[in-house]
Amino acid sequence: MAEDKIKDIESKVKGAATDAKGHVKDAVGGLTGNVGMQAEGKFDQFAGHMQQDFADLYEEGEGVMEKAATFVRDKPLLSLGIVSAVGLILGWLIFPRRKRS
């Protein structure tokens with residue numbers, strides 16, 4: 001039980017660190033005009049928020065399937081975004097881009 005609490009706290013801290021890193025990247029990208037760095041910053045912010053949200057859901061003590069169903073029900077657009085991002089990444093890994101002649 002205590003180990004689960006420690007893991008929850010670690011996950012929240014890691015999520016907050018990722019979020020902070022994203023804010024820095026976003027700001028630096030905005031100042032330098034580097035759109036790619038800004039996009040990385042936005043993604044890191046998103047990932048940090050998700051990590052914190054998942055830690056919060058785990059704390060609630062629901063079963064794994066119940067947590068997933070609750071998350072999808074509460075945040076359908078966010079869930080769609082996560083599934084879309086995972087699908088894109090898997091698509092890039094499984095079907096690499098072909099070089100055009």
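Visitor: Which side chains meet in a salt bridge?
Guide: Those of Asp53 and Lys75, at 3.0 Å, N to O. A salt bridge here is a side-chain nitrogen of Lys or Arg within 4 Å of a carboxyl oxygen of Asp or Glu. This is a predicted model, where local features need pLDDT of at least 70, side-chain atom pairs count only at pLDDT 80 or more, and totals for chains, interfaces and linings use all residues. Residues are numbered from 1 along each chain as its sequence is written, and side-chain values use heavy atoms, with hydrogens and water left out.

Visitor: Which domains is the protein divided into?
Guide: Domain 1 covers 1–60 and domain 2 covers 62–100; the bounds come from an automatic or database domain assignment.

Visitor: How many residues does the contact take from each?
Guide: Domain 1 gives 7 residues and domain 2 gives 6, with contact meaning heavy atoms within 4.5 Å.

Visitor: How far apart are the C-alpha centres of the two domains?
Guide: The centres of domain 1 and domain 2 are 17 Å apart.

Visitor: And what area do they bury between them?
Guide: About 700 Å², 72% of it on carbon and sulfur atoms. That is the accessible area (1.4 Å probe) that two parts lose on being put together, summed over both.

Visitor: How many salt bridges cross that interface?
Guide: The rule finds 1 between domain 1 and domain 2.

Visitor: Changing topic, what does UniProt list for residues 71–97?
Guide: An unreviewed UniProt entry gives "domain: DUF883" there; such annotations may be inferred rather than shown by experiment.
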